[in-house]
Amino acid sequence: MKELSLHLLDVAQNSLSAGATEVEIGLVYRNGWLTLTIADNGRGMEPGFLAQVLDPFTTTRTTRSVGLGLPLLKLTAEQTGGTLTVDSAPGAGTRVRAELDAGHIDCPPLGELSSTLALLIQGAPEVEFRMTYDWEGRTFRLDTREFRACLGEDVSLAEPEVVLWLSEYIAEGLAEAGGPAEME
């Protein structure tokens, strides 16, 4: 994948497929290293499946026999000198953490992070999404519970006007926090 936001989208989609009602996303940049974390409260993975989850020929999909999302993210992290860890337990959810050397020539750009997050929220408006973007201590936070409280129960986060506003709101917040979130 050419952008980290696409990796984020893929892993978050796995969370939704696992029945998560809460997804927490973290992007933290410190001292040249970028840490991407996606944690959920989905059904989690059995130890046997977890041991094989980074094998591209292991998948829960029935439409194809390969699952490339996590193996590709692992490859991307390792190409920069970083790491990928996956922690999961049945009934306890899953946590994926990738650490990348952001200055390495093989580190992909973040990509369209605001559009990616807005798309996730639009595609699963009933799910609670929380995101923390921290660039050397300058932070932007997003919590869909706050949006729901402002909009009321009658307005879906999937409404086109809401999605457009969300995308703009996220882009502004990321720009204020700094870093390359919307520059690549």
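In the predicted model, Y133 stands opposite F140 of strand β6. The two strands involved are β5, residues 128–135, and β6. Their pairing is antiparallel and runs over six bridges. In general, strands of a sheet pair through backbone hydrogen bonds, in either a parallel or an antiparallel way.

Strands β5 and β6 belong to an open sheet of six strands. The order across this sheet is β3-β4-β2-β1-β5-β6, and the pairing is mixed. Strands β3 (83–89) and β6 (138–143) form the edges, each pairing on one side only. On average, neighbouring strands are turned by 5 degrees against each other, with direction ignored.

Two helices contact the strands. Helix α1, residues 4–17, packs on the sheet. Helix α1 touches β1, β2, β4 and β5. The direction of α1 makes about 20 degrees with that of β2. Helix α4, residues 113–123, lies across β1, β5 and β6. Relative to β5, helix α4 runs at about 165 degrees.

Strand β1 (residues 22–30) runs antiparallel to β2, and eight bridges join them. One of the paired positions is R30, whose bridge partner in β2 is W33. Together, β1 and β2 form a hairpin with two residues between the strands. In the turn, N31 has a positive phi of about 50 degrees. Towards β4 (residues 93–101), β2 is joined by seven bridges, again in the antiparallel sense. Here L36 has A98 in β4 as its bridge partner.

How enclosed is strand β2 by the rest of the structure? Six of its eight residues (33–40) are buried, so the strand is largely enclosed. A residue counts as buried when its relative accessible area is under 20%.

The side chain of R130 makes a polar contact of 3.4 Å with the side chain of E22. Another polar contact, also of 3.4 Å, joins the side chains of R130 and E24. Leaving aside residues up to four places away in sequence, R130 touches E22, V23, E24, I25, L142, D143 and R145.

Terms used. Residues are numbered from 1 along each chain as its sequence is written. This is a predicted model: local features need pLDDT of at least 70, side-chain atom pairs count only at pLDDT 80 or more; totals for chains, interfaces and linings use all residues. Side-chain values use heavy atoms; hydrogens and water are left out. Buried means under 20% relative accessible area, exposed over 50%, partly exposed in between (1.4 Å probe, protein chains only). Helices (H or I, at least four residues) and strands (E, at least two) are DSSP runs, numbered from the N terminus. Two strands pair if DSSP finds at least two bridges between them. Axes are lines fitted to C-alpha atoms, for helices over the stretch in contact, and angles run from 0 to 180 degrees between N-to-C directions. Contact means heavy atoms within 4.5 Å. A polar contact is a pair of N or O atoms within 3.5 Å; within protein, one must be able to donate a hydrogen and the other to accept it, and residues adjacent in sequence count only if both atoms are side-chain atoms.
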